[in-house]
Amino acid sequence: MTEAVRYERDGAVAVITVANPPVNALGLAVRQGLWQAIDRFADDDAAIALIVGEGRLFIGGADISEFGKPPVEPYLPDVCTHIERSTKPVVAAVHGPALGGGCEIALGAHYRLAIKGARFGFPEVKLGLIPGAGGSQRMPRLTGVGPALDMMPAGGSVTTDEALKIGLVDRVAEGDAREAGLVYARELLESGAPVRAVGTLPRPAHDAAAFEAARALWQRKSRGEVAPLRAIDAIEAATRMDLDEGVQEERRIFLELMQTPQRAGLIHAFFNDRKVAKLPEIEGIAPRALSHVGVIGGGTMGAGIATACLLSGLSVTLVERDAAAADKARGTITGNLDAAVKRGKLAADRRDATLAELSAVTDYAELSDCDLAIEAVFEDMAVKHEVFARLDAVMKPGAILATNTSYLDVNEIAAATKRPGDVIGLHFFSPAHVMKLLEVVVADATATDVTATAFALAKRLGKIAVRAGVCDGFIGNRMLSTYRGAADRMILEGASPWEIDAAIKAFGLPMGPFEMSDLAGLDIGFMTRQRKAATRDPRDVVPTWADAMYHEGWLGQKTGQGYYVHEDRKAKPNEAVKPLIEAARGDRPQRTFTQEEIQRTYMAAMVNEAAKVVGEGIARRPLDVDVTLLYGYGFPRWRGGPMKWADTVGLPALLQDIKEWSKADPYFWQPAPLLEQLVADGRCFADLNKEAAQ
């Protein structure tokens with residue numbers, strides 16, 4: 001055996017233990033060890049084998065350290081088949097998550113025992129792939145095609161009880177996996193249980209309606225992502241082919257997907273999720289202790305922040321302007337917690353205890369014991385100054401003062417206090433208890449341990465934190481205002497809001513910029529334009545039609561009318577917007593746009609502004625931009641992020657487009673110096689990520 005797999009006897013049972021910490025990943029040593037263990041089992045007089053995992057789970061799937069490297073024998077599909085072809089029974093005792101390859105190893109066994117709390121699933125589509133070691137062929141033979149169609153295209157998983165119900169496992173037990181597995185193995189021996197290879201079971205029945213429905217569902221949901229649809233193809237192969245042929249077909253699809261840009265984009269996103277919090281400035285810096293959080297403002301954002309903190313086990317004191325507002329905020333948070341119970345995010349028996357950690361008050365003095373205060377009040381600098389002056393007066397020494405501002409200058413907010421080193425921006429995204437992104441805005445005077453505490457808080461809240469510098473809009477909203485500006489310019493040149501929305505959704509985003517405006521409220525955009533009016537460059541484009549819509553009272557979904565007419569949860573283009581746009585166009589020359597031209601223009605504006613953001617140090621690395629857009633702005637994960645997309649399509653061609661467009665609009669289409677430098681050096685954004693990691 002290799003060191004990663006142990007073989008020992010317990011009476012008539014051969015116990016094969018996978019011991020490859022921390023997650024028993026299926027690296028080369030584990031694959032070799034399992035192969036050798038099955039060979040040894042065949043040669044000795046043990047009557048039955050038990051495969052278990054050491055530590056907190058059974059087998060954690062593929063070894064990410066091998067991603068991108070040439071595969072080395074024995075390959076995982078062959079290991080699963082080697083287990084299945086044992087001439088003596090093999091039992092898998094599964095505890096913890098058995099996902100991807102871990103689930104496929106279990107399917108290679110002849111009997112499966114699940115310990116309460118285990119999960120079984122196939123997350124491969126989240127990396128642009130499908131199960132590649134027989135999972136799409138064996139699972140349908142056990143469960144029928146329905147459960148497989150529910151699980152694999154979604155990259156989902158099932159609980160132990162669900163696995164038992166659909167036939168994926170044979171028994172559920174409690175306690176230690178090894179001990180429960182030994183009991184089950186001996187029961188099987190006593191009953192004379194035979195070898196029962198999943199691959200020899202009959203092909204599952206072909207349900208044409210189920211496959212048609214699944215393809216229709218995922219064509220709609222995947223927004224251009226191919227892996228979910230290819231997973232359906234692989235499952236269908238199980239209904240038409242014997243196991244060996246089906247495994248070959250699965251492998252063909254798997255290897256085909258390995259070569260796609262989508263797989264590269266998803267792998268890029270996967271690794272960036274792990275890299276984004278690795279910052280040299282906070283390495284080895286201990287965060288401050290956090291147990292009690294204050295929230296100022298109980299509107300939608302403040303209530304969401306309070307909910308997120310409560311769900312992570314923190315005590316919360318929420319300050320509102322009066323008792324009625326405090327009661328309303330408590331009601332909103334109560335509703336959020338009830339919804340969390342329904343979604344399985346909060347145990348029902350923990351709901352009341354969690355709510356008991358909330359105090360909704362009207363006096364700032366109640367915040368005196370808080371370790372951190374997060375303001376979520378109106379987006380106005382004078383209001384922020386007033387709040388921070390009051391916080392400075394009541395908060396204990398060493399407490400952190402955070403602003404949830406979306407655009408405003410955190411340095412200026414910090415200047416309202418006598419402790420600027422304790423001030424930081426924590427830009428949550430709404431709904432704050434659901435959205436994963438947290439922009440950590442580090443001001444000039446922010447202490448390093450305050451930054452470290454912000455990242456520790458994000459981890460505790462289950463969020464992805466991205467470091468941002470101070471500028472108008474930080475990373476995400478600064479970019480948003482720019483690529484939204486590109487959309488406005490296309491409107492003036494002849495595109496309609498609805499054509500632009502359709503093109504951007506076809507690119508893979510969940511909604512277009514004008515749908516987003518209707519969702520957020522057109523008053524938000526109007527107020528932002530008013531705030532910037534005094535310093536606006538006269539060469540900039542102002543969407544005067546949007547101002548006219550505001551004055552008409554068309555604020556989007558909240559009023560039932562904006563760029564769309566919203567009735568009964570359905571939206572159709574608001575034809576009344578057309579005359580307002582025509583008036584704004586004046587005598588400008590008009591043209592038609594193809595879907596591809598809209599996408600290219602929109603994305604070029606996004607990438608060019610992102611290059612300025614990185615070049616100025618607002619984002620430290622291109623990957624910070626990618627993570628921000630993926631988690632905060634709905635950028636399609638399978639594209640990896642805007643910087644990954646730009647590297648994929650090529651920086652020289654993008655720069656050439658920007659230079660061409662700058663001839664007509666030199667103010668808006670100013671090439672980013674960093675983009676020009678990268679093209680001149682023959683480098684790309686990925687090179688900057690690599691350099692930052694060194």
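Contact here means heavy atoms within 4.5 Å, and helices (H or I, at least four residues) and strands (E, at least two) are DSSP runs numbered from the N terminus. The model is predicted: local features need pLDDT of at least 70 and side-chain atom pairs count only at pLDDT 80 or more, while totals for chains, interfaces and linings use all residues. Residues are numbered from 1 along each chain as its sequence is written, and side-chain values use heavy atoms, with hydrogens and water left out.

**View A. Contact of helix 22 with helix 23.** From helix 22, Thr 544, Trp 545, Ala 548 and Met 549 meet Val 577, Leu 580, Ile 581 and Ala 584 of helix 23. These residues divide into 7 nonpolar, 1 polar and no charged. For these classes, Ala, Val, Leu, Ile, Met, Phe, Trp, Tyr, Cys and Pro count as nonpolar, Asp, Glu, Lys and Arg as charged, and the others, Gly among them, as polar. The axes of helix 22 (residues 544-552) and helix 23 (residues 577-585) come within 8 Å and cross at roughly 140°, which makes helix 22 oblique to helix 23. Axes are lines fitted to C-alpha atoms, for helices over the stretch in contact, and angles run from 0 to 180 degrees between N-to-C directions. Angles under 35 degrees count as roughly parallel, over 145 as roughly antiparallel, 65 to 115 as roughly perpendicular and the rest as oblique.

**View B. Contact of helix 2 with helix 3.** Helix 2 and helix 3 (residues 101-108) pack with their axes 8 Å apart, at an angle of about 25°. The two helices are therefore roughly parallel to each other. Leu 76, Val 79, Cys 80, Ile 83 and Glu 84 in helix 2 meet Gly 101, Glu 104, Ile 105, Leu 107 and Gly 108 in helix 3. By class, this contact has 6 nonpolar, 2 polar and 2 charged residues.

**View C. Contact of helix 25 with helix 26.** The axes of helix 25 (residues 622-632) and helix 26 (residues 642-649) cross at roughly 115° and come within 7 Å. Helix 25 brings Pro 622, Val 625, Asp 626 and Leu 629, which meet Pro 642, Met 643 and Lys 644 in helix 26. The contact residues divide into 5 nonpolar, no polar and 2 charged.

**View D. Lining of the largest cavity.** A search of the whole structure finds 1 cavity of 30 Å³ or more. A cavity is a set of points, on a 1 Å grid over the protein atoms alone, where a 1.4 Å probe fits but cannot get out; lining residues have an atom within 4 Å of a point. About 40 Å³ of space lies in the largest cavity, a volume being the space filled by probe spheres set on the points, which are joined across faces, edges and corners. The lining consists of Leu 290, Leu 372, Ile 400, Ile 424, Leu 426, Val 450, Thr 453, Ala 454 and Leu 457. Strand 15 (423-428) and helix 17 (448-461) are the elements that give two or more residues to this lining, and helix 17 gives the most, with 4 residues. By class, the lining has 8 nonpolar, 1 polar and no charged residues.

**View E. Backbone at Pro 74, Pro 431 and Arg 223.** The peptide bond from Glu 73 to Pro 74 is cis, with omega near 0°; Pro 74 lies in the loop between strand 3 (48-53) and helix 2 (76-84). The bond from Ser 430 to Pro 431 is also cis, with omega near -5°, and Pro 431 is in the loop between strand 15 and strand 16 (437-441). Arg 223 is not a glycine but has a positive phi of about 45°. Arg 223 is placed in the loop between helix 8 (208-221) and helix 9 (227-240).

Note on methods. 1 Å grid on protein atoms, 1.4 Å probe; cavity = no way out; pocket = protein on both sides within 12 Å on 5 of 7 lines; lining within 4 Å.
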